[in-house]
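Let's take a friendly walk through one protein model. Keep the sequence and the 3D view side by side as you read.

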Amino acid sequence: MRRLAARLVITGMALVVGGTAAGCSVAPGLAYAQDVARPASSPSPTTATAMVPASARAKTSTGPFLAVVGAPAGVKAKEGILVDATTGQVLWSAGENTRRPIASITKVMTALVVLQAGGLNREIAVPKAVTAYVAKYDANAAGLIPGQTFTVDELLHIMLVMSAADAAYTLASDYGPGLPAFIAKMNAEAAKLGLAGTHFTSPDGLPYPTETSTYSTPADLVRLGETAMSYAEFRSIVDMRFYNLPKGNGHSAVSVTNSDVLIGSYPGALGIKDGFTNAAGHTLLFEAVRNGRTLIGNVLGSPPTSFTAGAQDAAKVLNWGFSLKRSGGS
């Protein structure tokens, strides 16, 4: 799998805290999952030569590896992982094979299935059923109006930047056709990628049909993220801070802000996707580059103490990862 093209690297370490709430759902009533295993102790560092498990590995090489010293401090996420994207070396992990609800990170798989199918310039109509769907789950939505038409590419932007469930529903309904068929395609792709700890029951991470029925693992999400980021169109969308779509023939104007607060605030952040439900907590699948080093990882189950909890955990993990030196001190 090819890696990302070189990008401008911005130096510095600070995360600017701010932005809009991340999330699949803004409903307050969902209980935390009771049947998901959690680490019994604080996260511990992996060895310097640990690799992403074979079922989740996106790319490996013989090095050079990084010398792992300690572990990121102050991370409140239940599970997570950080990987050197070039070598596949696991730098840090906590419950890397633990299955957890992942909230709107689900939309990465939705985008991947759509991108693989193609037809990005094709226009599709917003289905009437989207209104009831959004209302049922009090979902984060862009206010798409049934009957209006958008191109597939426009819907991908709205879905990935704002984390809009109505855009995800519209895409899934068309590309299935219908949600059941589309969800089957999501699970087929997960099996193809070897994501043994991953299962989807919705195109957006909403609690459908239950709060924990869509889930994945930190290790699996690294592979999913690497696969999605191999698509230039996906990369170009997930590092956008804003997306403004003027009014056009068949649709109203849409202006959305990236729900991932790392974008535009964390130096070198490239994406990928955040999320929130009460069952999942704050979740964030991220990738960043600095001084020619690309790191990919995720934090799952960051506490719902603030809108930026997942981003704060991710920044701590990334800051620590970027501070590591190559084995031998180089």
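## The second largest pocket

Pro64, Leu66, Asp84, Thr86, Thr87, Asn291, Gly292, Arg293, Thr294 and Arg326 line the second largest pocket. A pocket is an open set of points on a 1 Å grid over the protein atoms alone, where a 1.4 Å probe fits, with protein on both sides within 12 Å along at least five of seven lines; lining residues have an atom within 4 Å of a point. The volume of this pocket is about 170 Å³, counted as the space filled by probe spheres set on the points, which are joined across faces, edges and corners. Its lining divides into 2 nonpolar, 5 polar and 3 charged residues.

## How to read the model

This is a predicted model, where local features need pLDDT of at least 70 and side-chain atom pairs count only at pLDDT 80 or more, while totals for chains, interfaces and linings use all residues. Residues are numbered from 1 along each chain as its sequence is written, and side-chain values use heavy atoms, leaving out hydrogens and water.

## Leu324, in a loop

Find Leu324 in the loop between helix 8 (309-323) and strand 12 (325-326); helices (H or I, at least four residues) and strands (E, at least two) are DSSP runs numbered from the N terminus. Is Leu324 buried or exposed? Leu324 counts as buried, because its relative accessibility is 5% and buried means under 20% relative accessible area (1.4 Å probe, protein chains only).

Leu324 and Leu66 are 258 residues apart in sequence, yet 6.3 Å apart in space, C-alpha to C-alpha.

Key
Ala, Val, Leu, Ile, Met, Phe, Trp, Tyr, Cys and Pro count as nonpolar, Asp, Glu, Lys and Arg as charged, and the others, Gly among them, as polar. Buried means under 20% relative accessible area, exposed over 50%, partly exposed in between (1.4 Å probe, protein chains only).
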